[in-house]
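User: I'd like to learn how to read strands and helices in a model. Could you walk me through a few features?

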Amino acid sequence: MTSTTAASASASASASASAGTVVIVDGYSNAPALVAAFAERGYRAVHVLSSAEPHPGMVPPRPEDYAQWLVCPDDAAVDATVSALAALHPVAVVPGQEPGVRLADTLSERLGLPTNGTALSAARRDKYEMIETLRAAGIRCAEQFKSSSPRAVGDWARALGTLPVVVKPLSSASADNVYICHSAEEAEAAARRVLDSQDVFGRRNTEALVQSFLEGPEFSVDSVSAQGRHHLADVWESRRRPIGGGRQIYDMAVLLDPDADPVPALRAYVRTVLDALGIRHGASHAEIILTPHGPTLVEIGARMNGAMIPDFYRKVLGTDVARLVAHAYADPGDFVRQYGDGTYRRLRAAAVYEVPTALDGTVRAVDTAVVDKIAALPAVHAVALRSGPGKRIRPTTDLMSSPLRVLLAGADEEALMRDRAVVDGLRDLVYEVE
């Protein structure tokens, strides 16, 4: 892999000869779904990495997916990257995952392509700026404060007068270093832990964010936009469970009936958020709390949900976000006509279970017979292993340390919960640990 904005020479000609080109910035995690969705429409993908090397804490991009690979690690490389991409006449620049959002804004704007623009890029990545932008637009949001001083964070929590408060990094993901604090002292200690760590993208946290606690159930809301029109792609209730020390972890995400409450209220609210943050094109993934006062944003990313699994989504929804994104960029007029400001259809009850563990040690082996027993359950669509022989496994404290993900689809939620109970009885038999 080169460290400049030079292409791997083998693919340059093939990219130019294809029916069209799309640029994916930071194709981590499930970004190959975007590559496949654009390929269905005749587009070859070119990759741009926004750092000198891939982030070690994320599932890396696959070079074999791309016709060309560029590296744009800093502002000095932007001009050369724009020049190289302009020669390929791309139809769109799309962030593959969260680290690529700001560079995708810059490149799409410079290339004159459909873009969310750079004016509000910071508000789409920095959680403090995000909420302040909503406040300025008169949209319901949390109270908040940021500081490089743990004591200042504690003092703000004390002065707020209502507990608990939430302390977290300014920019991160996957519930990384998010603490629910029931005293000013806890908030100060949590801020210290945040400031002594890096975010999941490998950057040192220089400030900690503290916000008023939003009381109520949490929902994951995915949208796909074109020309400022927002299609509601799916809504999942994000059920969590406490693990002590002021922390909670994801438990299950349950797909909601689009006609049932609170989906209409969430749909109306998220559209005000998208407009305020200038998200006019592409995917967005929002986390929203339904407080007693109404829906209130936790945070939003101007990119595809990193947990979106294409074949599972197609089974329960009839399509997936990656295909909707490809449609929106390749043929925005048709996307608006077909989807416009519409809402998804739910074909089956569905849930994603982030299976926890109490195991602590090094994985010696995977018991495939146990995995097969889980996979054979009637409502189980798929089982995803997140560990294997030689890897360290530890008690689950966040999404990243869940060693197993189970996708469930069935006639109703009761069927899903019956199979979940069986999974709970088998989960710590999957891995043999030393």
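Predicted model: local features only at pLDDT ≥ 70, side-chain atom pairs only at ≥ 80, totals over all residues.

User: Let's start with β9. Which residues lie on each side of strand β9, and are they buried or exposed?

Analyst: The general idea is that side chains in a regular strand alternate between the two faces of the sheet. In β9, one side carries Glu218, Ser220, Asp222, Val224 and Ala226, the other carries Phe219, Val221, Ser223 and Ser225, and all of these are buried.

User: Which strands does β9 pair with, and in what sense?

Analyst: Strands of a sheet pair through backbone hydrogen bonds, either parallel or antiparallel. Here β9 pairs with β10 (residues 229-244) in the antiparallel sense over 9 bridges, and Phe219 sits opposite Glu237 in β10. β9 also runs antiparallel to β12 (residues 282-291), this time over 8 bridges. On that side, Val224 has Ala283 as its bridge partner.

User: What happens between β9 and β10 in their hairpin?

Analyst: There are 2 residues between the strands, and Gln227 takes a positive phi near 55°.

User: How do I read the order β17-β15-β19?

Analyst: Read it as neighbours across an open sheet of 3 strands, with antiparallel pairing. β17 (392-393) and β19 (431-433) are the edge strands; each has a single partner, so one side of each lacks a neighbour in the sheet. Between β15 (residues 361-366) and β19 there are 3 bridges, and Ala365 stands opposite Glu432.

User: On to helices. Which residues of α4 are buried?

Analyst: Start with the helix rule: there are 3.6 residues a turn, so residues three or four places apart point the same way. In α4 (residues 101-110), the buried ones are Val101, Leu103, Ala104, Asp105, Leu107 and Ser108. Their cover includes β1 (20-25), β2 (43-49), α3 (78-86), β4 (92-95) and α5 (121-125). After α4 comes Gly112, with a positive phi near 70°.

User: How do α7 and α8 cross, and which residues meet there?

Analyst: Look at the axes, then at the residues. The axes of α7 (residues 150-160) and α8 (residues 184-195) come within 8 Å and cross at roughly 145°, in a right-handed crossing. From α7, Pro150, Arg151, Val153, Gly154, Ala157 and Arg158 meet Ala184, Glu185, Ala187, Glu188, Ala191, Arg192 and Leu195 of α8. This contact divides into 7 nonpolar, 1 polar and 5 charged residues.

Notes:
Residues numbered from 1 in each chain as written. Heavy atoms only, no water. Buried < 20%, exposed > 50% of the residue type's maximum accessible area, 1.4 Å probe, protein only. Helix = DSSP H or I, 4+ residues; strand = E, 2+ residues; numbered from the N terminus. Pairing = 2+ DSSP bridges. Contact = heavy atoms within 4.5 Å. Axes fitted to C-alpha atoms, helices over the stretch in contact; angles between N-to-C directions. Left-handed = near helix turned anticlockwise from the far one by under 90°. Nonpolar A, V, L, I, M, F, W, Y, C, P; charged D, E, K, R; others polar.
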